[in-house]
Structure formats: structure tokens, C-alpha cells
Amino acid sequence: MTNNIYQFFFIYLYSMITLFLLVVIGDFVSISIFLSKSIFIYKNIFLYCFLYAICFFAIRIIISSQISNIFIFIVSCALSYFFLINKEINAYQLLIILSVFIAFNLLLQKYFTAKNFSNFLFEVSFLKFLKTNSLIFFSFIIIFPFYLMFVSSLKSQMVLLQNPTDLSIPFIYSISDFFSSYIAVITEYNFLNFALNSTIVSFVTVFVSLFFSIPGAYAVARLRFAGRSKISSSILLIYMVPAIVLVIPLYVIFSQLGFRNSLFSLMIVYPATTIPVALYMLQGYFKGIPYELEESALIDGCSRIGVILRITLPLSVPAILSVSLYVFMIAWNEFLFAFMFLDNQEYFTIPRGLYTQLDDQEVPRQYLMAGSVMITIPVLLLFFIFERYLVGGLTAGSVKG
Amino acid sequence: MFNLNKEAKLAYTMLIPTISIVFLIILFPIFGNFWLSFKEVKLGDLRAPQPIIKEKLKTKDIKPGDDVLIEYRFKNSSQKKPIFNVKITDKISHFISPVEIAEGCTVNNNVLSCYFKEWKPKYNEKIIFKFKANDNFEIDNFNPKESKPKGVADADNILTNLKFSLKNFQKILQKNETIENIKVTFLYSFFATIGALILGISAALLLEKNFLGKGFFRGLFLFPFVSPVIAVAFTWVYILDPFKGFLNNYLLNNEFISEPIFFLGLKKVDFLGFDFPFTLFIVILFESWRYFPLAFLFILARLQAIPKDLYEASDIDGATKIQQFFYITLPQLLGVISLLFILRFIWNFNKFEDIFLLTGGNAGTRTLTVQVYDEAFALSNMGTASSVAVIIFILLAIFVFIHQKIAPKDIEE
């Protein structure tokens, strides 16, 4: 019996947490959907949860497990109604709370009606509960920052300062007001120029690293030569070299040579840091291609280069695509080298431009958020279109982080 | 069957471009970093000392036959180092000819050339050169600044000379801050890794079974990792802002707190009698949030490779889900978890951007990587910055060595 009480207490505590989470999320959703600005007082909700738990717990002790489930359901509904109705809650929130109660009670029905009331059943119901909640939790912590970034970028300065907790999308604005921060970032802060620089650097990086790593990867994967195992193991070591160790000497060397403050300097450094990753990913894929295909072509008189161009490359298009995406992502997101090397505004990449131009107390926050949205969207778009390839690339190359 | 020699030759030609770029941009700078760490190089020393020459016409309304005074200003750009064998050349107008010029200077074919043996540090002198306007002098065509004076000189370049000292390391190790920073770096790397692993394992367990919308969730869970660090870091900073931020306003409106919390500016919070590094904790949360997708992907792949009959057998034996997790799933994942742990630890150890963008290294979050930046650009001391980088590199070499010992085979898969 004590064991049961303990378990019940645990489930109640857990349901309270769930309830709280759902109410918080429900409130966000309802604010953003119905544009209601009212703020719910969560302190009271805590109190209600506890009262509810105590009542339910008392009922559980008084009533044996044979009592009709419907009775428990009605009691819980009535209790929740009694505690919640005379407070200022909107219908949507009440709906959420009631649905949680219903779901919770349906779950309890199973628990009560089971003939062999065992640990096993408790666990199964508990895990089901946990799983749903965790999915909600994970989605929430991931979506929320991105959503806030997006919503803030659409607002005017005044609205942002007046009510920072307002999460509604301002549909009432006209189109030009709606995108005013984006227009300002593009016209006043030279954002298109940064975007152009970023695009150039990223594409050059992808091209150069593929150009260097494809032959290298093929050699490591297929050809027999002295020192092959040494090279393939040292690729991994080169991954681990931190950028901060490279950046000071490279700064010194590039300053001396006079091309530090240029896009060219990034076009050298980015490929050099991505080639080992690309080489490692590609050689893994090349090894997986059946050697018989290449062998028969070689016997038929095709040269090695011909084999690479006609057999290996066409067969490894998915791998090359995923490597390109991964390298593009690294180059597009890169901050440290761009931050250290570039001084002139005309050469800034987006991360560098965002840092100097928009991360300033004087610059309205919605501009910063608009810039952040604009740097994130291309990456997320690419990611969604090519998700299959990119996930493969991430698992193969994610040693680099 | 194939000519081995030919094959090896081809392999080397194919690898040479890669190897050379890696040598130039990765291995050589590592060497350069060690080199710099033994030299007292300041940011200002990157520009070698050189002669600076300026000319200025002192006379006006020149007529043929008049004296023309041109003032040359000679300056050593360095405040600390002398320069030697200074050679100056300057083209002068063919309308004037020299009358009285400084010692060491000659004029040949309208070219003034001077030679000085040594200019001391801070050398700065104005010398007036006297010229005479020729008979064919035309004021309209006369341009005393016909060409910019050029100067070359030998100087002791601190970057390439062979003087070494241990002073950088001495300076760094004498700072109390350094030991504190090492501590912070370890705390940060360790707990951020643990946080990312825990989140990653939970996320992977959630998506283990197939269900509708699994692909959507898998894509969604990767968002924090694929988005640019600068965008997500700024968003977090904005959310956590004490006055304009979402979180503080939300908590204030609901009366959970009575005054704003400085999430990114509280070094220590008294928590049950000991000092809790609050901002470091927030930064660790950020790191866990940003990097759990990676652990998630790896662990999900490994989870799906666990043979299903293990679970079936344990089901028949009456094991519960939680027992199955602890006795089957976790032991099967142990390999990938330990590998991920050491890799993530190394990468967190190397991280610069995340902390720099969130706190700038303030409020007790200065890791060694941020210290490198501060030494180099806030204190303008390249030498000490490199010596901190050397410390990072050595610590890292130890971790990589451990990594090689732990997982020499796994990674080859």
C-alpha cells in the first residue's frame, strides 16, 4: 500500500509539471493566435495544482480502487471547474487545462482497472506521459528562440519596448511596415553587400575544397602507396586543431604579406580548414563503392583519371552533395576568421557585418533580429530541401563542430 | 596486375595539393604560434619600423634665380627601435638645382638620393634643403611634389630574428586570472558536454520508434546546430536581456521576481552556502542547447543498430522498459557515448565564438580561447596571446592522445 501511495504521489507531481508546461505553452499559443494581451497569473495555477493534487490524493485514499472510473473523472472535472471558473482565464486556456485533466484521468482509468496492479503498468503509463511531454518540451525549447527572433524582427521599436512579452505576429501592419526592419537593414546597413561577400566566399570555399579533396580522397581510399595509413589517420588529427591556435599566427603572417584585410584571405583559410573534413567524408564514401566496377574499367583500358571521372564521381553524387552542403554551411556560418581578418566594411561577410553594424546598443533590436533571420533563412532552407543528404553529411563529418 | 610504382606516383600527385595547403595554412601556423609565443611581440610590432619622409615647399612666389627652400621631414616610424642604412630617393623638379643640401645627400639627374647610417628610435628632424630656381623656371609647371619621396631601411624585425625569451609564459602564469580561466574552461567544457549528451540521449530515445512526423522532429531537432552561431547567440542575448528581454519581462509581469535578473552578468550567486557561477551556468545551457543535435544524431544511428531480438528476449523474461534501458540500451550505447564525450569535450575546449558572442568573456566566463583574443587585441600583445594558445594546444594534445587510446577503431568505421 505504501508503495502505491508513493507512486501516486509521483504521478501527481508529474501531472502538475505537465499541466504547468502545457499552460505556459498554451498561453504563448493563445497570445500569438488570438492577439490577446492578457497575462495569466501562474502563481495561482501552482496553487490550484497543489489543491487539486491534495484533493485527488485524499479521494484516492478514501475510495478503493474498485470505484467507477467515471466517478473519478466527474469529481476531477468538477474540482478543476470549481477552482478555475471564477478566475480570469480565457476559454482557450480553460480548454487546455480541461483536456489535460481528461487525458490524465483516462490514463488513470487504465491504472485503476488493471487486475494485476503492477509496477509494469505504472511504468508504461508513466513513460507514455513522459514521452509526449518531452516531445513538447524539446520542440518548445528549439522553436521558441527562432520564433522570438522572427516575431521581434517584424515589430516596430515602440511595440518592442512597450511590451517585450507580446508574441503575436503583427498582421495589422501594412506590408511595408511589416518588413520595415528588413528594408532598413538592407538599405541603411549595406546588408546586400555583406550577403554578396558571404555568398562569394562560401561558393569559392565549396568549389576549392571539392577540387582539392576529391583527388585526395580517391588516393587515400583506393590507391596503394607508402604512408597511406599515416595520412588517413592524420586527417583526423588535423580536425582537432582549434581555430584559435591558427588565428594569431595567420593574422601575423597575412598582415606581413598584406592580404589580411580581403576576401582572398578568407578564401584561403576556409578551404584549408574544410578540406580535411571533406576528404574524410569522401574517402569513406569512395571506399563503399564496389571496387569491381573500377577494376573492370581499368582492365578494359580506361585510365585512372577516366575511372574517377566516369565511374567514381557519377556514383558518389549524393556524397559530394552532402559534403558541399556541409562545407557551405561551415563557410556561411564562420565568424572567428572573418572577425579577426576583415577591417573594411566593403569586405564584411554577414556574421562580421552583423557583429559590428547591428550589435550596438544604439541600433534597435528588431534590426539585429532581422539580420539574424536573414542569415539563418538560407541555411535552414538548404537544410530543409536537402535534409536527407545533410543528415548523412553531419553524421559523417560532425567530428568537426 | 597494375604497376605499383605508377600507382603510388599518381597517389602522391593527387595528394600534393591537399597536403601543401594543409601544411601552409594549418601546420605552419601551429609552428608559427610556438615561434611567436617565445617572442615579445606587440600588435604594433607587426608593422616593421621604416623611415617616413615628408616634403614641404617653404617659399612662395618664386621667380627665376630665386632661392627655393624645401623642407624635408625625416622620421623613424618606430618609437623603440633604430633603423639602419636608410636610403632615400626623391625625384625633384628639373626647374630647380641644388645649392645647399644636407650631408649625405647628392643630386643626380634630378634625383635626390640620401644615405644615413642609422636613425635612432623616435628620430624626427626637419631639414631645409636650399635649391635655386633655374632660368627656365615656370611657376605654373613647377611642382615640388613631383614624386613621393621613397625610403628604405634595414631594421631588426622582431618576427624573424632569433631572439627568444620565456617572458610571455612568465607573464601569463603570473596572472591569477590564468589559473581561474583554466578552471572555467574545464568546468565549461565538461558540463556543456554532459548537458549536450543528456539532451541528445533523451531526444534520440524519443525518436527511436517510427511514428508519423518523425522526420519532421528529426529535422527540427537539428535546427540549433545548423543555424549560424551569431544568429542564435544574439537571440539568446536578446531573450536574456535584463531590461528589454523577453524572459525578464515575462517573469516580472507574473511577479515571480521583483527586479530583473542579469542572466549574462552575474558572476556568482549564493546558492545554499556556496558560490554558484550563474552566468557560466547559462552559457553551459546555451552550449548544451546548441550542440545536443550532434549527440542526438550519433546516438539515434547507434540506437537503430541495436539488434531487436535483445529486446524481444528480455520482454519474454519480463523485463520492464526502464530495466531494458539500463541493461540493454545503455551498455550498447556506451561506446558511442564515450567517443562523443571526448570529441565534444575537445570541441568545447576549442570554442571561442559562443562565449565571446554571449558574454564577451565577462562575468566569470573567460575561457582560455577568449583570453587569447583579449591578450592579442584588447592588450595588444601577440606574444602572450600565442603563449596562451600554446597552453591550449598542449592541453588539447593530451586529450587527443587520450582519444586515440580510447577509440582507435571506432572512428575508422
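Analyst: A definition to begin with: pLDDT is the predictor's confidence in each residue, on a scale from 0 to 100. This is a predicted model. Chain B has a mean pLDDT of 80, and 91% of its residues reach 70 or more.

User: What are the ipTM and pTM scores?
Analyst: The model has an ipTM of 0.79 and a pTM of 0.78.

User: Switching to strands. What is the strand order in the open sheet of chain B?
Analyst: The four strands run in the order β1-β2-β7-β4, and the pairing is antiparallel. At the edges are β1 (51–57) and β4 (96–100) of chain B, each of which pairs on one side only. On average, neighbouring strands of this sheet are turned by 35° against each other, with direction ignored.

User: How many bridges join β2 to β7 in chain B?
Analyst: Nine bridges link strand β2 (residues 67–76) of chain B with strand β7 (residues 124–133) of chain B, and the two run antiparallel. To place them in the viewer, look for B:I70, whose bridge partner in β7(B) is B:F129. Another pair to find is B:K75 with its bridge partner B:N124 in β7(B).

User: What about β4 and β7, how many bridges there?
Analyst: β4(B) is joined to β7(B) by four bridges, and these strands run antiparallel. B:E100 has B:K130 in β7(B) as its bridge partner.

User: Where is the hairpin with B:N109 in the turn?
Analyst: The hairpin is formed by β5(B) and β6(B), with two residues between them, and B:N109 in the turn has a positive phi of about 50°. Strand β5 covers residues 105–108 of chain B and strand β6 covers residues 111–119 of chain B; four bridges pair them in the antiparallel sense. Opposite B:V107 stands B:L112 in β6(B).

User: Now helices. At what angle do α3 and α8 of chain B pack?
Analyst: Helix α3 (residues 176–206) of chain B packs against helix α8 (residues 278–303) of chain B at about 45°, and their axes are 5 Å apart. The two helices, α3(B) and α8(B), are therefore oblique to each other.

User: Is that crossing left-handed or right-handed?
Analyst: α3(B) passes α8(B) in a right-handed crossing. The contact of α3(B) with α8(B) has 22 nonpolar, three polar and one charged residues.

User: Over to chain A. How far apart are the axes of α17 and α18?
Analyst: The axes of helix α17 (residues 350–358) of chain A and helix α18 (residues 365–385) of chain A are 10 Å apart, and the packing angle is about 180°. Because angles over 145 degrees count as roughly antiparallel, α17(A) is roughly antiparallel to α18(A).

User: Which residues meet there?
Analyst: From α17(A) there are A:I350, A:P351, A:L354 and A:L358, which meet A:Y367, A:L368, A:G371, A:S372 and A:I375 in α18(A). By class, the contact of α17(A) with α18(A) comes to seven nonpolar, two polar and no charged residues.

Note on methods. Residues numbered from 1 in each chain as written. Chains lettered and ligands numbered in written order. Predicted model: local features only at pLDDT ≥ 70, side-chain atom pairs only at ≥ 80, totals over all residues. Pairing = 2+ DSSP bridges. Axes fitted to C-alpha atoms, helices over the stretch in contact; angles between N-to-C directions. Parallel < 35°, antiparallel > 145°, perpendicular 65-115°, else oblique. Contact = placed C-beta atoms within 7 Å. Nonpolar A, V, L, I, M, F, W, Y, C, P; charged D, E, K, R; others polar. Left-handed = near helix turned anticlockwise from the far one by under 90°.
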